[in-house]
Amino acid sequence: MATSVYLSNPAIKINSVDLTDQCTAATITYTVEALESTAFGDTARKYTGGLQNNQITVTLYQSYAATETEASIYALVGTTCSIELSPTAAGLTTPSATSPKYTLSAAYLESHTPINASLGQLSTIDLVFQGSAIAKATS
């Protein structure tokens with residue numbers, strides 16, 4: 001029987017700062033690049049796994065308070081940092097099979113949009129952290 005998951009309380013830490021209360025969306029893209037290994041005599045293309053090329057995309061409410069979004073993100077542009085993401089808040093501290101913790105320990109942040117505003121709208125920013133091997137903790 002098919003199951004579905006309703007995520008009502010995921011959690012995220014960026015560079016050890018808990019930004020769960022500012023996060024509205026998060027996507028992990030786990031990728032192992034395909035390297036072609038087709039040789040003479042093969043009748044179809046063959047592939048083998050290459051390097052990981054992972055990505056975490058998050059949408060955060062913009063906040064300029066001292067310990068919130070802008071203060072935590074601005075200095076990370078052009079550097080690497082650690083990101084932890086779990087489908088539940090408890091998963092960040094005590095991961096389990098049903099609440100794993102995913103970590104990119106050296107994810108690169110290429111850009112940040114400090115101001116993304118429209119009249120009458122809450123300001124949000126989209127961040128893309130890329131690179132690094134992904135670790136999945138279940139215990």
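N54 sits in the loop that links β5 (47-52) to β6 (55-61); helices (H or I, at least four residues) and strands (E, at least two) are DSSP runs, numbered from the N terminus. This is a predicted model, in which local features need pLDDT of at least 70, side-chain atom pairs count only at pLDDT 80 or more, and totals for chains, interfaces and linings use all residues. Residues are numbered from 1 along each chain as its sequence is written, and side-chain values use heavy atoms, with hydrogens and water left out.

**Around N54**

- N54 is buried, at a relative accessible area of 0%; here buried means under 20% relative accessible area, exposed over 50%, and partly exposed in between (1.4 Å probe, protein chains only).
- The side chains of N54 and Q52 are joined by a polar contact of 2.5 Å.
- A polar contact is a pair of N or O atoms within 3.5 Å; within protein, one must be able to donate a hydrogen and the other to accept it, and residues adjacent in sequence count only if both atoms are side-chain atoms.
- The N54 side chain also reaches the backbone oxygen of S132, at 2.9 Å.
- Leaving out residues up to four places away in sequence, N54 touches T29, Y30, T31, L104, F129, Q130, G131, S132, A133 and I134, where contact means heavy atoms within 4.5 Å.

**Overall fold and shape**

- Two helices and ten strands make up the secondary structure of the protein.
- Along the sequence, these elements follow the pattern β-β-β-β-β-β-α-β-α-β-β-β.
- The protein is more spread out than a compact globule, because its radius of gyration is 18 Å, well over the 14 Å that the globule rule gives for 139 residues.
- That radius is taken over C-alpha atoms, and the globule rule is 2.2 Å times the number of residues to the power 0.38.
- Taken along the principal axes, the C-alpha atoms fill a box of roughly 65 × 35 × 30 Å.
- Of the 139 residues, 28% count as buried.
- Among contacts with a separation of 6 or more, 66% come from residues 24 or more positions apart.
- The accessible surface is about 8,700 Å², and 53% of it belongs to carbon and sulfur atoms; accessible areas come from the Shrake-Rupley method with a 1.4 Å probe, and for residues only the protein chains shown count as cover.

**The nonpolar core**

- The largest nonpolar core has 18 residues, of which I14, V58, L60, I73, I83, L127 and F129 touch the most other members.
- The elements giving two or more residues to this core are β1 (11-14), β6, β7 (80-86), β8 (101-109) and β9 (124-130).
- A nonpolar core is a set of buried Ala, Val, Leu, Ile, Met, Phe, Trp, Tyr and Cys residues joined through side-chain atoms within 4.5 Å.
- Apart from neighbours within four places in sequence, I14 is in contact with L19, V58, L60, I73, L76, C81, S82, I83 and F129.

**Cysteines**

- A disulfide is a covalent bond between the sulfur atoms of two cysteines.
- A search of the whole structure finds zero disulfides, with a disulfide taken as a pair of cysteine sulfur atoms within 2.5 Å.
- The closest cysteine sulfur to that of C23 belongs to C81, and at 14 Å this is too far for a bond.
- C23 is partly exposed, with a relative accessible area of 23%, whereas C81 is buried, at 3%.

**Positive phi values**

- Most residues other than glycine have a negative phi.
- N15, a residue other than glycine, has a positive phi near 55°.
- N15 lies in the loop between β1 and β2 (17-18) and is partly exposed, with a relative accessible area of 37%.
- S16 also has a positive phi, near 70°.
- S16 is found in the loop between β1 and β2 and counts as exposed, at 67% relative accessibility.

- S105, in strand β8, is exposed with a relative accessible area of 51%.
- S105 and T80 are 25 residues apart in sequence and 8.2 Å apart in space, C-alpha to C-alpha.
- Beyond residues up to four places away in sequence, S105 touches C81, S82, S132 and A133.
- P95 lies in the loop between α2 (89-93) and β8 and is buried, with a relative accessible area of 13%.
- P95 and S139 are 44 residues apart along the chain, and their C-alpha atoms are separated by 5.1 Å.
- Not counting residues up to four places away in sequence, P95 touches A90, P100, K101, A137, T138 and S139.
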